[in-house]
Amino acid sequence: QGLAAVVGCLVGGWLCQQIGRRPAIALSGMGSFLASTWLFQPVLQWNDSLYGKIALLGFFVGMAQACLYVYIPELFPTRIRAFSTGLCLNAGRLVTIGAVLMASSMLTMLGGYAQACWAFSFAYCLTLIVLVKKAPSSAI
């Protein structure tokens, strides 16, 4: 997963230059969601295909990270760029606190680990919802 994420980061930066920031972020968000959906389908026994699924998810998550590091600073004026970028990139960590506290309830409510993880993968769809809003004119 880590190696695939590094490759995803390299591709993400390149893709931002080739097709634009917003389309690249949309692709990484949708790819992350689809890879999560594929990965967290119930598995009755361990098999080698899980390695590929995990790597694919790592690739798209790495691509998303690279795209965000390229795009987010461009959205803010220089005087608040560092603060805004830090806030945007780390807000997810605060949300994760709530998710961790809810995880055991979700395991019970949804019927298992795979289903709970799949439910959390809908966070990747937020990428597409946020991108629907028009970007500021100063953004590339």
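The legends below accompany several close-up views of a predicted model.

**View 1. The largest pocket and the residues that line it.** In this predicted model, the largest pocket has a volume of about 1,600 Å³, and its lining is made up of 37 residues. Leu68, Gly92, Ala123, Tyr124 and Thr127 are the lining residues that lie nearest the centre of the pocket.

**View 2. The helices around the largest pocket.** Two or more residues of the lining of the largest pocket are given by each of helix 2 (21-39), helix 3 (49-71), helix 4 (81-110), helix 5 (113-120) and helix 6 (125-132). The largest share of this lining comes from helix 4, which supplies nine residues.

**View 3. The aromatic pair of phenylalanine 33 and phenylalanine 122.** The count of aromatic pairs comes to three, and in one of them the rings of phenylalanine 33 and phenylalanine 122 are tilted, with 5.0 Å from centre to centre and 55 degrees between the planes. Phenylalanine 33 belongs to helix 2, whereas phenylalanine 122 sits in the loop between helix 5 and helix 6, so the pair ties together parts that are 89 residues apart in sequence. Phenylalanine 33 has a relative accessible area of 12% and is therefore buried, while phenylalanine 122, at 38% relative accessibility, counts as partly exposed.

**View 4. The cluster of Phe33, Trp118 and Phe122.** Phenylalanine 122 also forms an aromatic pair with tryptophan 118, and this pair is edge-to-face, with 4.9 Å from centre to centre and 75 degrees between the planes. An angle over 60 degrees is what places a pair in the edge-to-face group. Tryptophan 118 counts as partly exposed because its relative accessibility is 32%. Taken together, ring pairs link Phe33, Trp118 and Phe122 into a cluster.

**View 5. The salt bridge between arginine 21 and glutamate 74.** Side chains of opposite charge can pair when their charged atoms come close. The structure holds one salt bridge, in which the side chains of arginine 21 and glutamate 74 meet at 2.8 Å, taken from N to O. Arginine 21 lies in helix 2 and glutamate 74 in the loop between helix 3 and helix 4, so this pair ties together parts that are 53 residues apart in sequence. Arginine 21 is buried, since its relative accessible area is 10%, and the cut-off for buried is under 20%.

Conventions
Residues are numbered from 1 along each chain as its sequence is written. This is a predicted model: local features need pLDDT of at least 70, side-chain atom pairs count only at pLDDT 80 or more; totals for chains, interfaces and linings use all residues. Side-chain values use heavy atoms; hydrogens and water are left out. On a 1 Å grid over the protein atoms alone, a cavity is a set of points where a 1.4 Å probe fits but cannot get out, and a pocket is an open set with protein on both sides within 12 Å along at least five of seven lines; lining residues have an atom within 4 Å of a point. Grid points are joined across faces, edges and corners, and a volume is the space filled by probe spheres set on the points. Helices (H or I, at least four residues) and strands (E, at least two) are DSSP runs, numbered from the N terminus. Rings of Phe, Tyr and Trp (its six-membered ring) pair if their centres lie within 6.5 Å; planes under 30 degrees apart count as stacked, over 60 as edge-to-face and the rest as tilted. Buried means under 20% relative accessible area, exposed over 50%, partly exposed in between (1.4 Å probe, protein chains only). A salt bridge is a side-chain nitrogen of Lys or Arg within 4 Å of a carboxyl oxygen of Asp or Glu.
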